[in-house]
Each structure stands twice: as structure tokens, then as C-alpha cells.
Amino acid sequence: MTLALLFCFYLPQARGAVPSAATGQEPPNRGALYRVSDGRHTLHLFGTIHVGASDFYPLEKRIAQALKKAPVLALELDPQNAGALQAAVQKYGVYPPGQRFEDHIDPALAQRTMAALKRYQLPAEQMQGLRPWMLAMALTVQEYASSGYRPELAVDNYLAGAARAHGARVVELESAERQMSIFARLDAAHQTQFLGDTLDEMDNADTTRKLTELVDAWRHADSRGFENALQEMEQDQSFASTFTRHALLDERNPDLADGIAALLAKHDKAVAAIGILHLVGPHGVPALLKAKGLKVEQLY
């Protein structure tokens, strides 16, 4: 289920302004929020989505207050570190000059890809240099954008802007090099399969429903909804879904847990925010933090 990518993998995206705080009724719970402690320090762990809409904000008061008090905010990647992200994309997601994706995939898939680029109003000529996995990523972002969820309004962007506005430092739990290098392991055949699986999902009549269910689960802090999404990924035998589950979630979770535990040891009242699917299941980050002997409490 490649739609789940934006709940567990940070993609290149434009930085937008922090949405202004709305007035009126109290904001509802969003995503998921945990409190982690080691007996000396306490940290809040928040589950994000890597796209957004203006009505996502402001966030509810517990995460908002935690962010105001935090000396440090830890994200998968810092949205302001655009140079490192662009360099990693260029290194792993783009063909050498003069090569085109149409030269590396079969004609039928190339035709489907061109049709998808046209459907999402992406400039085909400018996309010709992208490797198949990067094309799949770009199309996934556009699928969300077509439903009104914009990369520049991603929750990570909002949190980083709000943290810096209060004088907090923003640090990275990973690096763009680390994230993008995961795809370097895919040979040409697997990259092509990843793209084909992505197009298959986008051509499926259930795509809009699945996307809406995923975003609604984040909107309403619906833990069961994300457990269901993880189960659906496990049942989906496509290459893209299996790769997402194992390489982008299970393989990265231990390092994310290590980074959060190290942050907790150094700082009191820090906030860490990562894609919400990293928080789900027996191999999720909260379970791994518990296994380290830390106290982990889910607030919502």
C-alpha cells in the first residue's frame, strides 16, 4: 500500500508558512501522542503525517504546550535542511544527465507513467530524469495533493516552524542520505516493480477511499485505523507494500528508537515527532522504547 508512504517516509517538499492559529472551539486530538520518561527526564513523542491541510491546525493543547516548553524538537529530517535533501535526491533518485526513465522501463509501463503525469499535471519533460522509485514518490504526493493535502502544510513543517518561533532547536533523527540510500538497494527490475505497483494502486477504484481513511485516522487520533492500515500492508503481497513495510518501517524503527532514547537522556521536556506508522505495532518505536526499560504512556 504505497499510499502509506506519507505516514512513514519524509519526502522532498516545499516549506510553507506556519498556519495562523484559529480561534473558536478547542482543537481535537490529532495523530498520536506519547509521554516517555526515564525517571529523570520526560519527552513527548508525536505521530505525524508528511502532508497537511490548513484545518489540521492549530494542534491540540497538550502537544502545543509541550512544543512551547521543549528545548529541542527532533524530526526525521529538518525541513530547513533542503540542501542535503536535494543532494540526496540527486544522488539516488535521478539518472545521470542524458538518461530518461523511458529508456529504462518497458513501453507499456512508460505509457502508463506518461498518462499518470498528464493526469496529475506534472511536466513530463522535467520528470524524464527521475528514476522509477522517485517517480512513484512524486505521483504519491500528487495523489494526496489532488485530494487537498499539500506537502508545504506537512505536520513536520508546522512543528519545525512553531518550535523555532519559541526558540527551540530542531535536530534530525536521521539524514537525507540515510533515507534516500534505502532505495539504492533496489535494482532496475525492483524499481520498475515499485513504480508499477504504485500505478496499480492509483488506478484502483478504492484509492480515494483508502486515502481518506488514512488521513481521517490521523485527523481523529484513531489508533485502530492505523493498526488496520498496518495489517492491510502485511496482507498486501505487492512488492511496493512489502518494501514499505520492511525497509521503510521495520528496518528504520530501531534507529529512530535509539535516537529518541538518546534525546531523552540528554534533555528534559524534548519533543520528538515522526511519521505515525512508526508508532504502530509490536515493532513500532513505542514498543522498542518500552523494551529499553523506559516508561511509555499513550496520551491519545
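## A salt-bridge network

Salt bridges tie Arg 112, Arg 119, Asp 200 and Asp 203 together into a network. Keep in mind that this is a predicted model.

Take one link from that set: Arg 112 and Asp 200 pair up with an N to O distance of 3.0 Å. The two residues sit 88 residues apart and bring together distant parts of the chain, with Arg 112 in helix H3 (residues 107–119) and Asp 200 in helix H8 (residues 188–203). Arg 112 is partly exposed at 32% relative accessibility, and Asp 200 is also partly exposed, at 43%.

Is Arg 219 buried or exposed? Arg 219 counts as buried because its relative accessibility is 14%, under the 20% cut-off. Asp 55, on the other hand, is partly exposed, with a relative accessible area of 42%.

## Helix H10 to helix H11

Glu 234 and Arg 245 make another salt bridge, and here the closest N and O atoms are 2.8 Å apart. Glu 234 comes from helix H10 (residues 223–235) and Arg 245 from helix H11 (residues 239–250), eleven residues apart. Arg 245 is buried at 7% relative accessibility, whereas Glu 234 is partly exposed at 45%.

## The overall tally

How many salt bridges are there in total? The count comes to 23.

How values were computed
Residues numbered from 1 in each chain as written. Predicted model: local features only at pLDDT ≥ 70, side-chain atom pairs only at ≥ 80, totals over all residues. Heavy atoms only, no water. Salt bridge = Lys/Arg side-chain N within 4 Å of Asp/Glu carboxyl O. Buried < 20%, exposed > 50% of the residue type's maximum accessible area, 1.4 Å probe, protein only. Helix = DSSP H or I, 4+ residues; strand = E, 2+ residues; numbered from the N terminus.
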